[in-house]
Amino acid sequence: MSVSPISPNPLGVGFLGAGPVTQAIHLPALAGLGHLFSVRAVMDADGGTARSVAARAGARPSTSVQDVLQDESIDVIAVCSPHPFHAEQVIEACLAGKKVVLCEKPFATTVEDATRIAEVCATTGVPVLVGAMHTHDPGWLAFTQAWGETAGSAQHIRCSAVLPPNPRFEDFATEVSHRPPAPTGPTAAADRIRDGVLGLAIHDLPLIRAFLAEPGQIVVHEARSLTPFGYSIIFSSAGQVVELHALMSENWDPHWSFQVFAPTRAATVTFMPSYVQAGPADVVIDEAGRRTQLKAAPHNGYLGEWQHLYDVAHGGAPRYGTAELVADLAFALDVAEQACGAAATTNRAA
Amino acid sequence: MGALAVGGELQALSRGDVPAVVASLPVSLRLAEPSDLVALEGGPGWPERVAAATARGVMVVHPTPAAPEAVPAHPGAPVVLNYRFADNPVMPTAARLFTDWPADAMIEAAAVVAQPAELDGVLLDQLATLRRLGSPAVELTRLTWSSAGYYLSAVTRTGVRLLLSAHVTTATSPQLRIRGLAPSVALELTLPDPGTAQPAVLVRTTDAGATKFPTLWESSHRAGWRRLVAAVDGTTPADDLTGLRTDLGLLAPLLPAS
Ligand SMILES: NC(=O)c1ccc[n+]([C@@H]2O[C@H](COP(=O)([O-])OP(=O)(O)OC[C@H]3O[C@@H](n4cnc5c(N)ncnc54)[C@H](O)[C@@H]3O)[C@@H](O)[C@H]2O)c1
């Protein structure tokens with residue numbers, strides 16, 4: 001990583017959306033990177049949230065997207081609003097000629113929107129990064145480097161996330177202001193599965209996609225929704241099988257792992273829960289009677305995201321190009337869609 | 001009662017580490033012919049060989065799937081099915097923890113084995129493990145099956161979701177990991193390969209913390225022989241064949257060969 005230790009001109013950052021993710025994830029990460037970034041404006045549709053979050057970041061509050069985009073002291077826009085606003089705000093930020101845009105996951109909610117973003121990136125030359133923190137976790141990056149070619153290299157891929165409810169971890173990272181009310185989520189199993197895939201599994205679907213030889217050809221064998229919130233989905237792609245499950249429960253002991261099994265080697269990457277500033281992911285690779293544990297740089301994907309963004313703002317190539325990001329989103333939407341379809345039959349039969 | 005004489009098929013004696021186990025139970029057992037207790041290999045034809053056995057007790061080492069109707073309903077002597085994983089001595093403790101497992105929960109059973117040829121046996125072992133935990137599968141659906149392993153989905157009588165998987169790799173030692181996930185409690189049980197007396201790991205987690213249960217440095221092979229001795233001397237009957245027929249009936253239509 002080629003991050004300059006001291007920058008005389010930190011990049012100005014403007015936030016669109018100042019909910020728990022901005023408060024608990026990005027502001028604490030940026031506080032540790034004060035030599036690289038300076039938060040200049042915090043915009044939220046809710047004026048009270050904007051004021052209180054801006055005040056703690058020493059930035060100016062706003063309730064207007066345009067106001068932030070037109071602020072010439074701002075080089076980087078972080079889109080942290082709810083999903084439906086991501087695509088439009090990313091596009092506007094690119095058109096406003098910012099240096100880089102960081103968009104929280106998901107990148108967009110349709111492939112069409114994602115493709116539009118890619119086109120605007122291409123015409124404006126403004127790079128976009130997606131806040132999929134596992135893809136920027138130093139543990140994951142060290143793992144893929146040690147493992148070598150990923151596509152088609154494992155027959156079984158397993159991803160399991162057993163996590164307590166988010167607020168528990170938000171509170172380790174910050175003191176949340178204006179916490180949004182807990183969503184009264186959809187109750188139909190298929191809708192719950194869609195929310196689970198696009199809200200939680202989305203962190204790992206890019207990792208899974210990296211291991212698939214034919215990610216465009218998936219078949220979902222079973223999809224179930226779990227109580228109180230979670231899912232269990234089994235799908236295959238050209239003979240490779242993926243197990244994807246998550247459960248949010250009162251269990252205090254978080255466990256978030258990504259595993260691959262190949263005939264003569266296997267690996268487990270264990271990620272930290274969301275929000276906390278702990279990291280990196282722990283990586284264990286077993287092969288031929290030898291166990292290798294990788295010790296990656298001591299930070300998590302949130303910090304990794306921002307460090308990478310700094311490099312990209314200074315001309316570095318983005319780790320994941322827009323074509324990759326569109327393909328990741330298309331894959332996530334495909335898994336969500338097919339899992340919903342399978343859930344309709346699986347859960348009815350149950 | 002003096003030490004019971006143990007003998008049996010050569011392959012069973014070696015697969016089941018019988019000489020070492022017998023040496024570790026010198027008051028109860030000794031290797032000798034003619035034998036009181038006989039070890040039979042659990043490969044093809046084992047039910048017929050059990051039916052033909054004339055010993056006072058029969059040990060089936062690593063049983064594999066067979067036709068349910070071939071399994072003797074009333075064998076002449078106690079029969080212990082010595083599974084690699086399901087016979088681990090931690091099972092009674094684990095079963096207590098799984099009692100009344102909430103219906104809105106799930107249980108995963110994920111096995112790691114070295115060879116595709118072990119898949120049929122490990123599936124039977126998984127079903128036996130779930131049965132001994134008090135959560136037997138009642139509906140079993142095959143999701144995927146290949147030389148890389150399998151995924152099967154099932155439920156228990158009370159509606160608990162079961163996900164059974166096996167992963168073929170030589171990267172790590174064989175094991176069976178059972179994980180129960182409920183809204184307010186999680187149980188994780190790691191059953192090691194019986195090649196050594198490595199203990200199982202059993203951890204129960206609630207919102208108050210995690211409890212790790214005492215380690216038992218005994219292989220499933222040794223625990224199985226202790227069960228057979230207890231069955232033969234009448235202390236604790238072995239009803240291993242009860243339930244096995246049901247499990248065999250469940251999986252017969254799912255095995256790739258059938
Ligand atoms: N990377 C991660 O670990 C992670 C974790 C959770 C959520 N997320 C993503 O981050 C985003 C934000 O999630 P969140 O949990 O902070 O909160 P949220 O989605 O509940 O709301 C974010 C904030 O946006 C404000 N808002 C609403 N409409 C807006 C608009 N048009 N423009 C600007 N602000 C607007 C709301 O008032 C609220 O304060 C979501 O897209 C979510 O998927 C990422």
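For the class counts in these notes I take Ala, Val, Leu, Ile, Met, Phe, Trp, Tyr, Cys and Pro as nonpolar, Asp, Glu, Lys and Arg as charged, and the others, Gly among them, as polar. By that division, the shell around the ligand holds 13 nonpolar, 9 polar and 3 charged residues. I keep in mind throughout that this is a predicted model.

**Ligand site**

I looked up what surrounds the ligand and found 25 residues, the closest of which are A:Val21, A:Asp44, A:His83, A:His86 and A:Lys105. Helix 1 (20-31) and helix 4 (86-95) of chain A are the elements that give two or more residues to the shell, and helix 1 of chain A supplies the largest share, 3 residues. I note that domain 1 (11-134) and domain 2 (137-299 + 327-349) of chain A both contribute residues to the shell, so the ligand lies between them.

**Second largest pocket**

I turned next to the second largest pocket, which holds about 1100 Å³ of space and is lined by 40 residues, with A:Gln259, B:Gln175, B:Arg177, B:Glu188 and B:Thr190 nearest its centre.

**Cavities**

My list of cavities of 30 Å³ or more comes to 3. The largest cavity has a volume of about 190 Å³, and of the 17 residues that line it, A:Val130, A:Ala132, A:Pro206, A:Leu325 and A:Asp328 lie nearest its centre. Two or more of its lining residues come from each of strand 6 (128-131), helix 9 (205-211) and helix 11 (322-349) of chain A, with helix 11 giving the most, 4 residues. The lining of the largest cavity divides into 13 nonpolar, 2 polar and 2 charged residues. Since domain 1 (11-134) and domain 2 (137-299 + 327-349) of chain A both give residues to this lining, the largest cavity lies between them.

The second largest cavity has a volume of about 70 Å³, and among its lining residues I find A:Met133, A:His134, A:Asp137, A:Phe271 and A:Tyr302. The lining of the second largest cavity divides into 7 nonpolar, 3 polar and 1 charged.

**Backbone**

The peptide bond from A:Lys105 to A:Pro106 is cis, with omega near -10 degrees, and A:Pro106 sits in the loop between strand 5 (100-104) and helix 5 (111-124) of chain A. A cis bond also joins A:Gly279 to A:Pro280, with omega near 0 degrees, and A:Pro280 belongs to the loop between strand 12 and strand 13 of chain A. A:Ala288, in the loop between strand 13 and strand 14 (290-294) of chain A, has a positive phi near 45 degrees.

Key
Residues are numbered from 1 along each chain as its sequence is written. Chains are lettered from A and ligands numbered from 1 in the order in which they are written. This is a predicted model: local features need pLDDT of at least 70, side-chain atom pairs count only at pLDDT 80 or more; totals for chains, interfaces and linings use all residues. Side-chain values use heavy atoms; hydrogens and water are left out. A residue is near a molecule or strand if one of its heavy atoms lies within 4 Å of it. Domain bounds come from an automatic or database domain assignment. On a 1 Å grid over the protein atoms alone, a cavity is a set of points where a 1.4 Å probe fits but cannot get out, and a pocket is an open set with protein on both sides within 12 Å along at least five of seven lines; lining residues have an atom within 4 Å of a point. Grid points are joined across faces, edges and corners, and a volume is the space filled by probe spheres set on the points.
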